[in-house]
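Thanks for coming. I will talk through one structure, one part at a time.

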Amino acid sequence: MDASEAVEAVISAARAFMGDRLSVNRTVREQHSRGEDTTPPTLPDAVAFAETTEEVSRLLALCHQHGVAVTPFGAGTSLEGHVNPVRGGVSLDLSRMTAVLEVNEEDMDCLIEPGVTRQALNAFLRDKGMFFPVDPGSHCTIGGMCATRASGTNAVRYGTIRENVLGLEVVLADGRVIETGGRTRKASNGYDLTRLFIGSEGTLGVITKVRLRLHGIPEAVSAAVSQFPTLEAAVETVITIMQTGIPVARIELLDDDQMEACIRYSKLTGFAAQPTLFLEFHGSPAAVREQAAVVEAIARDFGAASFAWATEAEERNRLWQARHDAYWAAVALKPGHRGITTDVCVPISRLAEAVVGAKATAKDSGLTSCIVGHVGDGNFHCLILFPENDPEGLERAWALDRAIVAQGLALGGTCSGEHGIGLGKREFLEQEHGAEALAVMRGLKASLDPRGILNPGKMFRN
Ligand SMILES: Cc1cc2nc3c(=O)[nH]c(=O)nc-3n(C[C@H](O)[C@H](O)[C@H](O)COP(=O)(O)OP(=O)(O)OC[C@H]3O[C@@H](n4cnc5c(N)ncnc54)[C@H](O)[C@@H]3O)c2cc1C
């Protein structure tokens, strides 16, 4: 049986249990031909909209039997070509699996299906006094967040998705279903399979259930925006705050170009286009006051020109919405342009060198760019704009991306703090981990997916 006959065999067998939810419609296939990235799109042969674990299991067993590629798809917001089905086959869309299956208020955990978004989960939890803190600036699925080891603005206090997943249900490449982890807050009971699948980018298994840790909505929340004369001053403030051990909930950096973009896009009034920190404090009213006073004193020591409070929920939400919209604000700076974004993360003590170095390299390149970052974790993004449909412009943008990554690696950092490897960052994997560690990773892949059907071409350069 050749490759196209194998695909036909899968499609006709899967139709028997999925009906119209196994689509070969061209528009639907185009919607699954890449994510929020700049890779040349590839059409999958079919798109399967799964609704149950059993369907996922039956579909994978079929694809395994016939050697047909399967690319799991959440919301398609990933940035490194993760969902581009480079070898065709089936794009397996999990976005219709949206049930919240359990909420255990006493233990503060929940069990959900992978297509639930964090926005939907938090709307569901709001009147229970709990929330789920991991907040990427996109409308993505929690299954996709697990698969990319995502984080967001709250990670500095509450951790990334890795720290907030207690267990998973995973369908393996051959259709077997396993459960990993459990409901306890700690366990010393064998290999940590949960963490193996977190960040595996759909290359080791398909996540069909996620058990999450939840957190109590803090009694008091207060936000502040502080503006600085220089980028160095803003970053040195962050480093000192982190080294002092103040439990800030969020600490985000926007450079002058990003601030200008946000002021325009989100109509932020009362701020200048200067390096800026957005901060948030959670805790009891007294703890929040105390943390904020210490942080304000540190910021003033580094020459902060202003430290503006936002205690009203409406004003806070407006500010954080502007922060979450930073990517779109940057892209809107130049109509007809698209963006790629770096994702370097460095040890906190090297953050100033990394950010200031990235800014200088970006300026030298002559390309329009903005820096925004989850700086409390040492993670920042340089959004690089290039003219749409201009391969040369895109190549210049990638050259800048690679130069900034090289600077980050030289400082003991990583090419990706949260976006993942996908297609775009494969070249750095061996450099970061070494040949032996990479061989172990390949061995794990071969053991769990011996026919190489799960998201082939991603993570490793074959
Ligand atoms: C404007 C914008 C802002 C962003 N901000 C952030 C941010 O702050 N932090 C951050 O971490 N990321 C951010 N991202 C990147 C992106 O949103 C995350 O990578 C997100 O986790 C992807 O989720 P998704 O549902 O869109 O997954 P997709 O893009 O659909 O898939 C991502 C990867 O996960 C795999 N996958 C998806 N679902 C499953 C599943 N159920 N089982 C197994 N594998 C699966 C796919 O095969 C693919 O490899 C941002 C993106 C945009 C466009």
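Before anything else, a definition: strands here are DSSP runs of E with at least two residues, and they are numbered from the N terminus. In that numbering, N379 is found in strand 18. Please keep in mind that this is a predicted model.

Now back to strand 18, which covers residues 379-387. It pairs with strand 16 in the antiparallel sense, over five bridges. What is the bridge partner of G339 in strand 18? It is L385. I340, in turn, stands opposite I384 of strand 18.

Strand 18 also pairs with strand 17, again in the antiparallel sense, and here there are six bridges. On this side, S369 has I384 as its bridge partner in strand 18. Strands 17 and 18 form a hairpin, with four residues between them. In the turn, G378 has a positive phi of about 80°.

Is strand 18 enclosed or open to the outside? Eight of its nine residues are buried, so the strand is largely enclosed by the rest of the structure.

The side chains of N379 and D343 are joined by a polar contact of 3.1 Å. Leaving out residues up to four places away in sequence, N379 touches D343, V344, C345, G373, H374, G417 and E418.

C345 leads us to the cysteines. A general point first: a disulfide is a covalent bond between the sulfur atoms of two cysteines. How many disulfides are counted in this model? The count is zero. C415 is in no disulfide, and the nearest cysteine sulfur, that of C345, is 11 Å away. C415 is buried, with a relative accessible area of 1%. C63 has 0% relative accessibility, and therefore counts as buried too.

Next, the ligand. There are 36 residues around it, and those that come nearest are P72, G74, T77, S78 and S138. An N or O atom in the side chain of T77 is 2.7 Å from an oxygen atom of the ligand. A polar backbone atom of G137 is 3.1 Å from a nitrogen atom of the ligand, and a polar backbone atom of E201 is 3.0 Å from a ligand oxygen.

G74 also turns up in the contacts of T141. Where is T141? It is in the loop between strand 7 (130-131) and helix 5 (142-148). T141 counts as buried, at 4% relative accessibility. The side chain of T141 reaches the backbone nitrogen of G144 at 2.9 Å. Apart from residues up to four places away in sequence, T141 touches G74, A75, P114, G115, V116 and T117.

The last stop is helix 10, residues 256-265. D255 caps its N-terminal end: a side-chain oxygen of D255 lies 3.2 Å from the backbone nitrogen of D257. The buried residues of helix 10 are D257, Q258, M259, A261 and C262. After helix 10 comes K267, whose phi is positive, near 50°.

That is the end of the tour.

Technical notes
Residues are numbered from 1 along each chain as its sequence is written. This is a predicted model: local features need pLDDT of at least 70, side-chain atom pairs count only at pLDDT 80 or more; totals for chains, interfaces and linings use all residues. Side-chain values use heavy atoms; hydrogens and water are left out. Two strands pair if DSSP finds at least two bridges between them. A disulfide is a pair of cysteine sulfur atoms within 2.5 Å. Buried means under 20% relative accessible area, exposed over 50%, partly exposed in between (1.4 Å probe, protein chains only). A polar contact is a pair of N or O atoms within 3.5 Å; within protein, one must be able to donate a hydrogen and the other to accept it, and residues adjacent in sequence count only if both atoms are side-chain atoms. Contact means heavy atoms within 4.5 Å. A residue is near a molecule or strand if one of its heavy atoms lies within 4 Å of it.
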